[in-house]
Amino acid sequence: MRQVRPREFIHSWYLLLMSFFTLIFFLINRKLYLDFPLTLFLLFIFFKSGLKISSFRRMLFYALFFSFTLFMINIIYPSIALKTGEIYNIGYFQIYHGTLVKSAQTMARLFLVSLLSLSSGKVVDYSKVVLYLLVHKGLKLFWGYPLLLALNSIVLFKKEYERIRINARLRDLPLKDKLSLFFPLLVFAIRHSQRGALSLVTRGLNQEKNFYFNYDTSESDKKILFLFWMIYLLVVAATFL
């Protein structure tokens, strides 16, 4: 029986726009508490768009590990400008209050940026984004189809790497020999790029190409995007208060 793919909750193009502008706001905003409304809204959209709990837990760990590592680096090697306020002696380390506050803020913001970046990369269908730009936004086929080829290559490279890794494990190869197995992956990449380029040339792609699907957005997509812009503008306005 053919498995029917469920309809996505919101168009990937709008999902990419929301993720991009949210990350831009995180980078320029100085009031940390204003980041949380956008974070909660986007996480809700991500889960409705198919983000799995298991994947979210894994990305939560990665984001927390990365941000906490930077937090410890800032604590151990603080800048001179942050050596202000009360001093806390913990073992062999002296931690300044100014360093602690600034490092905690940086860690929280980096955690949110990392978490949303990883989550958006998991749910956004970039192939559909490129096709939408080709059909509706005037992206030239000269750029669009090589992008689609590159996106498809990522999936194929992952599968080829898994085959190589399993092959090395079955042969019980030592580490030095396992590293040499990356050369077949390089050969695969070169052959795939040659086949892809030959396929594009032989198909005679040009700007007169017809598309069987319009990859258009729906009214519900536009309503969700409108709700996002309302929340976004309110949060941006709150930064000036």
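The largest nonpolar core has 35 residues. A nonpolar core is a set of buried Ala, Val, Leu, Ile, Met, Phe, Trp, Tyr and Cys residues joined through side-chain atoms within 4.5 Å. Buried means under 20% relative accessible area, with a 1.4 Å probe and protein chains only. Leu15, Met18 and Phe46 have the most contacts inside this core. Helices (H or I, at least four residues) and strands (E, at least two) are DSSP runs, numbered from the N terminus.

| Helix | Residues |
|---|---|
| H4 | residues 97–123 |

Another core, of 6 residues, lies apart from it; Leu131, Leu141, Tyr145 and Leu148 are among them.

This is a predicted model: local features need pLDDT of at least 70, side-chain atom pairs count only at pLDDT 80 or more, and totals for chains, interfaces and linings use all residues. Residues are numbered from 1 along each chain as its sequence is written, and side-chain values use heavy atoms, leaving out hydrogens and water.

Leaving aside neighbours within four places in sequence, Met18 is in contact (heavy atoms within 4.5 Å) with Ile10, Phe41, Leu42, Ile45, Leu225 and Phe228.

Ser119 sits in H4. Ser119 is buried, at 0% relative accessible area. Beyond its neighbours within four places in sequence, Ser119 contacts Leu43, Phe46, Leu51, Phe56 and Met59.

Strands S1 (residues 87–90) and S2 (residues 93–96) run antiparallel, joined by 4 bridges. Strands pair if DSSP finds at least two bridges between them. Tyr88 stands opposite Ile95 in S2. The hairpin of S1 and S2 has 2 residues between the strands, and Gly91 takes a positive phi near 65° there.

Terms used:
Buried means under 20% relative accessible area, exposed over 50%, partly exposed in between (1.4 Å probe, protein chains only).
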